[in-house]
Number of protein chains: 2
Amino acid sequence: MSESTPFSAESAPRAESLEQHDSHRLGWIEDSQHAIRVPITEIHQEDSPDGTANPPFRAYRTVGPGSVPEVGLDPWRTPWIEQREDTEVYGARGHKLADDGRTAVRRGAPSQQWQGRKPVPRRAKPGRTVTQMHYARQGVITPEMRFVAMREQCDVELVRSELAAGRAIIPLNVNHPESEPMIIGKEFLVKINANIGNSAVSSSIAEEVSKLQWAATWGADTLMDLSTGNDIHTTREWILRNAPIPIGTVPIYQALEKVDGDANALTWEIYRDTVIEQCEQGVDYMTVHAGVLLRYVPLSADRVTGIVSRGGSIMAGWCLAHHQENFLYTHFDELCEIFAAYDVAFSLGDGLRPGSIADANDAAQFAELDTLAELTRRAWEHDVQVMVEGPGHIPLHKVRENVDRQQELCEGAPFYTLGPLATDIAPGYDHITSAIGATEIARHGTAMLCYVTPKEHLGLPNRDDVKTGVVTYKIAAHAADIAKGHPAATERDDALSKARFEFRWKDQFALGLDPVTAQEFHDETLPAEPAKTAHFCSMCGPKFCSMRISQDIRDTYGSAEAQAAIAGMQEKSREFMEKGGQVYLPDPSVGPPTS
Amino acid sequence: MSESTPFSAESAPRAESLEQHDSHRLGWIEDSQHAIRVPITEIHQEDSPDGTANPPFRAYRTVGPGSVPEVGLDPWRTPWIEQREDTEVYGARGHKLADDGRTAVRRGAPSQQWQGRKPVPRRAKPGRTVTQMHYARQGVITPEMRFVAMREQCDVELVRSELAAGRAIIPLNVNHPESEPMIIGKEFLVKINANIGNSAVSSSIAEEVSKLQWAATWGADTLMDLSTGNDIHTTREWILRNAPIPIGTVPIYQALEKVDGDANALTWEIYRDTVIEQCEQGVDYMTVHAGVLLRYVPLSADRVTGIVSRGGSIMAGWCLAHHQENFLYTHFDELCEIFAAYDVAFSLGDGLRPGSIADANDAAQFAELDTLAELTRRAWEHDVQVMVEGPGHIPLHKVRENVDRQQELCEGAPFYTLGPLATDIAPGYDHITSAIGATEIARHGTAMLCYVTPKEHLGLPNRDDVKTGVVTYKIAAHAADIAKGHPAATERDDALSKARFEFRWKDQFALGLDPVTAQEFHDETLPAEPAKTAHFCSMCGPKFCSMRISQDIRDTYGSAEAQAAIAGMQEKSREFMEKGGQVYLPDPSVGPPTS
């Protein structure tokens, strides 16, 4: 590993700081022994009213999103990869104009060619496997593992052992050296993914890069580029080169573009070529719908909403049209060999997931899950990292069964779910319907949540929708971390609650997941600067502020013991508190008469 | 009971239809034997692509919100009340100018005097009890009980027996004859409450009436007027006369105004007079913080966020200042006698609820709950209806304990909770943090959810915030109804999902909880009219539309059986489906080779 600081925010030009709030600052935690430093957000806090200093709060973050889109991020991880000496540069497939679709071919170029730095594609040397799972199983601690252990504030051995067991993944293609390592697994913080991508009817490359940066700024842990329109290859190039977070794709979308949208014309060879194209670009994980088996398709025919996964419906149609088994299933081991050479992780697609609560937990869904479990084991035989995708639309009482069953069948492989939506009746609010299900499923062990934006079922998300989706899912993930008993999860809640009780308004904004919106909402009713130091707010006004009254009580009557003395029950109260606050029943000897 | 139709939308002038969408229409279900009719929303649906007609969907609604604010709603329930002959008009306390605060006294009038019709205050004749609980316990089926049974599509005996047992309430003051009966109890649909109200720093009477109408339009089942500013009495009068839903208040707020905000100057006599003033106006339920006992106050002193209930902090301060027991507790039986005379329901306030997840389920909170259980039983001795308020801020894994404990201690009295928020770190998004907790707590038996708006902790909700809060809580309540297995709960989900799969865009909008927003979001990307009949949308475009592909599969290959034949597994599949869709393990004899 390089002796120089391997990761510097300054080595590539930066467009802007992109801090969420003026109380936020980029900081670092350092492991000088291993020359690793990990970015954190330092959130400044004011002193308490009694003069006690409140130390800056340190929050998980990515440093990356502030790159100049035309230049991209620094490939800072390259030394780590090179030093392992198990990869090589080779005569790569490279970029073909046809990869960008017919419009680009006609034009002779994609609409906006990538001109920035491009890493030279590399892959495993013959006979070598370069996955983090492989290293972990060999007992090797990589810098990537140390990096995520520092981010997660856990022991690096926990990282290694979870990777080795397949219960966690670090999705990180050797051709995506710009990305900051992160881990997905139920022993770690719950992660969230944001989906972006153009379609045939909408959006530009610049817009998509801007959505990536916006998503990363607000806390997306990974991002999927689901583009299905023009310039698919080049859009992805721009995204990857600017992505400080792992990027996922669904290669069947691009493969389908290559056969002009005729699903029946798809072949393994076209698909394989597309996968290699994307491996060389640096895609970190790919959704593969290899579990949609021919014999499962009829199980979906009587559903209320049929097959709602795009990849699932494409493969189902192909299977029936050809009277053949899904080529992703029959060629799965070849796919594993390719993935092992780049360290691309599988995201085993749930092509038969339910699209309505009526179809939840049905035969089609669970039949496919059995096959995903089989495929998980086959990938592991190649030391390829795997996560398993899950639904979708599930009523709340049926949510837990999904994660319990997946964890059991797939032997703890990380579960990665889309929501699920707990009801179908609120188009326009599906970030909320799904956050309810997402919190429930994450609480019981789902490792990553794919966000849902307010536009779900209605249109493509714009920048605002991306932010709303990300913040909503940060809430779901964090609420689940707390419910799971993650050791550090409540620290931020406690800091914010203390700030709230002490009327440190700015700190309350800054410690929130979206300081901008919080401050705007406050200022709508009380815009003046003094209102931000006022010991009340517009909700109740000074006379009715419960927290002010509550503080006055504390100031006037002092500690719990002093108050208990006033209440004439010092003994009772002390006794009570010595018992650790266990609730006692009303005792008529000290209480008032009951009639 | 009157022979004439007792409830007509046409007898008072109406400002506007206030339907949510042009596919919505006011309809009625009628019980001609008892001359009762109940409003419903008829949601028009288009035919399916195969020509099958889809009947109008019938949704729960209130007819009321379209009144002319200056005129108010028709007092249509008066004949039901009069016919019982157990109430009388009396020399009422009436309205005093001081009830509206010092500004009104100075001015000689409230800022906008109520000029519309005002019911003459009535109360129980001496020796009579006029609560729905009392009737239910006597075995009497009232028209109000029939009305709610029709709304809930359940047997009226279930309504009566749940009321008699105290497990449900119909909050309905004899002086609020404009309101449509509704029931709160865990055997029925989960209800939601919206809070509005002015404060010393903001808002006008017209604004508050507009918020009431807006909240009712989007589905609020009850509304609390939490005004603490000027014109408290008159604002409430405007709200009550225009309210088709029960209205709740916290009388201590107005009582505190009457002593110029000096909590220590509060007395039982001032409070009692305020309660009678509000009973005469028609308030249907009142929050009473009678469980904040002197000896419990010290238990809150070491909390992160102290006491966050306004009523709770006022009473805690009073108890300590006077070294006396809470006068609401010591005078509770007198309060019961007053409530019994008007059929006002208790909402037993949780003055010591936690204001942060750090304080959740602590000694102070659960000590108060013990007392609320005691007070529930005392109210029931007077045949007075009771619900019990709950938190607040609770991490998800501690939510269920709250409702289980309350249900056990309070013998099934309806639980009415504020959220709870599952995390404290998202000011600006607390409608979402709380909807997550609210769905969980409702799923386990909470009968009514008090909404939280995006402005919570930051400012007073405006009209938009009220709508966002209401729709978010309709989601939580509905998701809980589904999870509880409410018989009819999934009907709307299924209708919407079918419309979605059939690309009946307008029906998808109309069946949603907020058709306006759904349509706006759709039109943002594809505004043209043909897009609303298109068999795809902006998300994927035609080539990638999974539902279109899925429908094509169905059209091309037919039923599940026909598809199974193609898959060469007709026998297996039929067998499978005859077993009711139990999942089978992959059988190598019919599957592809695994290597």
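Colleague: Is B:Arg122 buried or exposed?
Modeller: In this predicted model, B:Arg122 is buried, with a relative accessible area of 12%. Buried means under 20% relative accessible area, exposed over 50%, and partly exposed in between (1.4 Å probe, protein chains only).

Colleague: Which residue does B:Arg122 meet in a salt bridge?
Modeller: The partner is B:Glu82, at 3.4 Å from N to O. A salt bridge here is a side-chain nitrogen of Lys or Arg within 4 Å of a carboxyl oxygen of Asp or Glu. The two residues are 40 apart and link distant parts of the chain, B:Glu82 being in helix α1 (residues 78-84) of chain B and B:Arg122 in strand β5 (residues 122-124) of chain B. Helices (H or I, at least four residues) and strands (E, at least two) are DSSP runs, numbered from the N terminus.

Colleague: And how exposed is B:Glu82?
Modeller: B:Glu82 is partly exposed, with a relative accessible area of 45%.

Colleague: What about A:Asp514 and A:Lys467?
Modeller: Their side chains form a salt bridge at 3.2 Å, N to O. A:Asp514 lies in the loop between α18 (505-511) and α19 (515-525) of chain A, and A:Lys467 lies in helix α16 (residues 463-484) of chain A, so the pair ties together parts that are 47 residues apart in sequence. Both A:Asp514 and A:Lys467 are buried.

Colleague: Changing topic, how many residues are in contact between chain A and chain B?
Modeller: Contact, meaning heavy atoms within 4.5 Å, involves 141 residues of chain A and 140 residues of chain B.

Colleague: What area is buried between chain A and chain B?
Modeller: About 11600 Å², with carbon and sulfur atoms giving 67% of that area. Buried area is the accessible area (1.4 Å probe) that two parts lose on being put together, summed over both. In chain A, the residues losing the most area to chain B are A:Arg295, A:Ile425 and A:Phe544, together 7% of what that side buries.

Colleague: How are the values and numbering set up?
Modeller: Local features need pLDDT of at least 70 and side-chain atom pairs count only at pLDDT 80 or more, while totals for chains, interfaces and linings use all residues; side-chain values use heavy atoms, with hydrogens and water left out. Residues are numbered from 1 along each chain as its sequence is written, and chains are lettered from A, with ligands numbered from 1, in the order in which they are written.
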